[in-house]
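Hi,

Here is the structure I promised to pass on. Have a look, and my notes follow below.

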Amino acid sequence: MMADASFVLYRYPYEREYTLMRQTKGNPLVLKSFDELDGKSGFVFAPFYINDSHPLLLLQPNVVERHRVSANVGFHENDFQPRDIDVERRIYESVFSCFHDKLACGDFSKIVLSRCSLETAKGLIDLKELFMRACVLYPRMFIALVSMPQCGTWLMATPEILLESKEERWHTMALAGTMEVDECSDTDELLAYRKKDKDIHEWSGKNTREQKYVSDYIKGCLEHLAVNIDIIGPYTLRAGLVKHLATDFMFDLTNGNDVGKLVKLLHPTPAVCGMPKGDTYRFIRAQEGYDREYYSGFGGPLCCDEGTHLYVTLRCVSIVGCRYKLFAGGGLLAESKKEDEWLETEAKMETMRRCLAIRRI
């Protein structure tokens, strides 16, 4: 699919159409810092941590098209090799203990532990078909298929807004706290469900505290560059087979050109990192045991015709031929239990496994 060009396909939540952006002339721009985003436009794809292997990228399209999301999506199963779940679990439990020790002694109030899982298919799966499956399965999420030579190919289905423009104002979100929902398909409510569930009484103290850490951090960031800040929430937000606590922030930028500066303050938020942010960020990079690559980074159109819509790269998979690397994580507090947190990552990875329609051989 479009082998000679860098491209992205993306669809906003609840939309019936998707956008194709393609850059056929040269490679996407490589940027050294988020400040360099100021004054630029295109599709941004950012890693958790910018380095030579995983740079900050800006696709500058010379082709932009809008197409209807296909309702005729094949959901036949694909043959995959068995995964070594016991090895994955032992690795996770070892790193969990290391992370939890820092919480137990009071060094951190929250830290996010993530992991990856490798799935290997018997044959190639059509990329556009995967994208369409995600659009049909997850109408409430931002869906994007990103393919550039510097980052490879990624598919994400994410509920979390990092930063977006809404008419004359700006919007960001604090998203933290997770619970599973009943097994059912989002397609039953495709494009029909727009009401946010504001009943938060079912949430545990652990989840509400985790959400408050993120909300307080974002509020502090906005006070540097924004005015007229309105806070809405917390409320419950559905995202595939799990739901989260969310709080919205609507605001005006004191300088409309400071998008890059605000992104630099927001990313990574405590929702994918922890508190205190700087200490947990460094600890994750040193002790998590693998490179997150573009997982828990962000992506989306920047200063395009439809404005700016940047989403945190959650529920994602990196695709290299027949190999699919899935990513997921969860916020840990001192009272977190190893088994509960492992099961949370499994539930989150199921978002992409459903798109892959895995059948073990």
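**What I found**

In β12, Arg-169 is the bridge partner of Lys-166. Strands β11 (residues 161-166) and β12 (residues 169-180) pair in the antiparallel sense over three bridges; pairing takes at least two DSSP bridges between two strands. Helices (H or I, at least four residues) and strands (E, at least two) are DSSP runs numbered from the N terminus.

Before you go further: this is a predicted model, where local features need pLDDT of at least 70 and side-chain atom pairs count only at pLDDT 80 or more, while totals for chains, interfaces and linings use all residues. Residues are numbered from 1 along each chain as its sequence is written, and side-chain values use heavy atoms, without hydrogens and water.

β11 and β12 belong to an open, antiparallel sheet of nine strands, ordered β3-β5-β4-β16-β17-β11-β12-β14-β13. At its edges are β3 (29-31) and β13 (226-239), each with a single partner strand, so one side of each has no neighbour in the sheet.

Then there's helix α1 (residues 85-104), with 20 residues and a reach of 27 Å from first C-alpha to last, close to the expected 28 Å (1.5 Å times one less than its number of residues). Its buried residues (under 20% relative accessible area, 1.4 Å probe, protein chains only; exposed is over 50%, partly exposed in between) are Glu-88, Tyr-92, Val-95, Phe-96, Phe-99, His-100 and Leu-103. Seen down the axis, they fall within an arc of 145°, so they line one face of α1; the arc uses directions from the helix axis to the C-beta atoms. The face turned away from that buried side carries exposed Asp-86, Arg-90, Ile-91, Asp-101 and Ala-104.

Cheers
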